[in-house]
Amino acid sequence: MLGIGGCSLPPNQNHDRSNSLHTKTKWTNDPQADLNIEKGLTAFLALDDAFLSIASRIHLIRNAKHQLDLQYYIWNDDAIGNMMLHELLKAADRGVKVRLLIDDQNGIKLDKTLKALTQHPNFEIRIFNPYKFRHLRFIDYVFRLKQINHRMHNKLTIADHSIAVTGGRNISSEYFEASDQFQFSDMDILFYGKAVDRAEQVFDEFWSDKLSYSTEQLMGSGMPQQLESLRNSYKALDQVDTPTEDKLEAAQDYLKLRLQNYPIQWAKAHFVADHPNKALGQAKDQELLYAQVLKIMGKPEQHMELVSAYFVPTKQGTTYLNQLSKDGIQVRVLTNSLVANDVALVHSFYSQYRKPLLQSGVQLYEFKPNIERKKRTWYEIATGSVIPVKGKNRSSLHAKFFDVDGKVFIGSFNFDPRSAHLNTEVGLVVESDHLQDQITAMLDQHLLQVAYQLKLNQNGNIVWYEHKENGEVVEHHHDPESTRFQRFTMHFVSYFPVEWMM
């Protein structure tokens with residue numbers, strides 16, 4: 001046992017098969033594009049629709065000419081995960097260099113597939129901050145908790161050093177309305193121009209970091225026949241007669257029109273990210289994303305809107321938000337309700353700050369666990385399948401974005417201690433009144449439909465107001481749709497001294 005406790009990761013044996021290609025390509029026919037990029041501007045397209053978000057990634061993969069760089073916290077072995085891997089394999093077949101970096105919190109279900117893909121000369125895969133005992137992970141939790149508690153929560157796809165997508169979505173079916181269990185509501189942003197330079201620099205920092213281990217070192221080398229077997233299985237999926245491909249083609253045609261023929265929004269934008277040293281607990285102030293965001297955005301003077309799937313403001317954050325509200329600044333927050341939260345433990349530590357926030361005038365909303373979807377999802381239409389009604393309506397908020405006086409952040413950062421101090425995060429800050437107005441209008445239109453509105457009654461107790469389509473308003477005097485046991489557990493757990501891990 002002492003020997004296990006003293007174990008650390010073996011020396012990193014990484015070496016690049018070839019140098020990174022720095023050739024850029026043009027992705028728009030906007031005649032002002034080159035001039036705007038010279039001015040330091042970035043074109044952007046917010047992606048709040050799951051269909052357009054997956055299509056944008058496929059668009060980048062299919063149209064890349066030189067290099068694709070991707071880093072993700074979760075990449076699941078499911079329909080969306082394998083669709084993306086198949087597209088990357090086809091890109092590698094046509095000569096595009098593919099570099100894929102996945103956090104090891106993802107698990108081992110994809111190991112066989114990853115080993116096969118690395119047999120391709122144009123495909124390199126690395127695992128960030130791997131577990132020492134990947135098949136017996138509880139040992140790491142016992143003896144290496146400090147090391148493995150830091151995760152790479154980044155979500156980023158870059159094509160040809162020129163265009164990128166970042167945001168809250170991992171590569172898994174539930175993030176793209178394609179799961180039969182539940183659906184995440186999320187936000188991404190497609191961007192092209194100056195800010196991509198910094199995004200590529202960040203990817204290179206993580207790719208070259210000593211915590212990024214090659215799949216060959218962790219899993220051993222695969223065999224050439226494994227790649228051919230994988231290729232054949234992907235081809236068999238391609239030959240299934242479903243309208244999926246037509247649907248994706250239609251989305252790509254739409255994106256292509258947006259990129260080439262329609263006026264594109266240009267603005268000053270900043271790609272912000274934690275340095276990989278944060279995963280070792282060694283990052284300095286300006287190497288931390290939240291310090292970069294505060295420097296760019298400054299202190300709110302008019303209003304602040306915050307959407308965070310996991311919201312644990314802590315005493316310090318609560319004091320900050322309360323002071324903003326007392327100073328006459330409108331503060332509006334949307335997070336998950338108890339039953340909607342897929343990590344109920346987080347809700348335990350958030351719940352104790354609700355009353356102080358409301359007392360100071362902060363507007364607080366909690367996402368409903370069941371959102372009525374009157375239309376079939378793109379995945380149901382594309383595959384001809386029918387997601388069960390219960391699964392179709394089961395919802396959870398996963399988006400992370402906020403706006404402050406004409407500046408908007410969209411990325412992977414939650415307003416909680418884990419995002420601030422433990423996990424590495426990325427995102428894009430856009431200086432755009434127009435984008436902020438779009439987000440404000442979206443929240444104004446949909447908040448009361450998708451979320452409970454929290455207020456204090458005359459006795460100082462929290463009341464949840466549920467606004468029905470017919471205009472009826474239902475009052476709830478405890479967390480809606482929760483059981484007494486759930487509420488007791490939430491309250492009991494909040495006394496544990498582990499808020500710093502949330």
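This is a predicted model: local features need pLDDT of at least 70, side-chain atom pairs count only at pLDDT 80 or more; totals for chains, interfaces and linings use all residues.
How many residues apart are lysine 90 and glutamate 87 in helix 4? They are 3 residues apart, so about one helical turn separates them. Keep that pair in view.

Side chains of opposite charge can pair when their charged atoms come close. The structure holds 25 salt bridges. Lysine 90 and glutamate 87 form one of them. Their closest N and O atoms are 3.5 Å apart. Helix 4 itself covers residues 79–93. Now look at how open each partner is. Lysine 90 has a relative accessible area of 30%, so lysine 90 is partly exposed. Glutamate 87 has 6% relative accessibility and counts as buried, because buried means under 20%.

Next, turn to arginine 134. This residue forms a salt bridge with aspartate 104, and the closest N and O atoms are 2.9 Å apart.

Move on to arginine 198. Its salt-bridge partner is glutamate 205, with the closest N and O atoms 3.6 Å apart. Arginine 198 counts as partly exposed, at 26% relative accessibility. Glutamate 205 is also partly exposed, at 22%.

Finally, salt bridges can join up. Asp69, Arg99, Glu200 and Asp204 are linked in a network of them.

Key:
Residues are numbered from 1 along each chain as its sequence is written. Side-chain values use heavy atoms; hydrogens and water are left out. A salt bridge is a side-chain nitrogen of Lys or Arg within 4 Å of a carboxyl oxygen of Asp or Glu. Helices (H or I, at least four residues) and strands (E, at least two) are DSSP runs, numbered from the N terminus. Buried means under 20% relative accessible area, exposed over 50%, partly exposed in between (1.4 Å probe, protein chains only).
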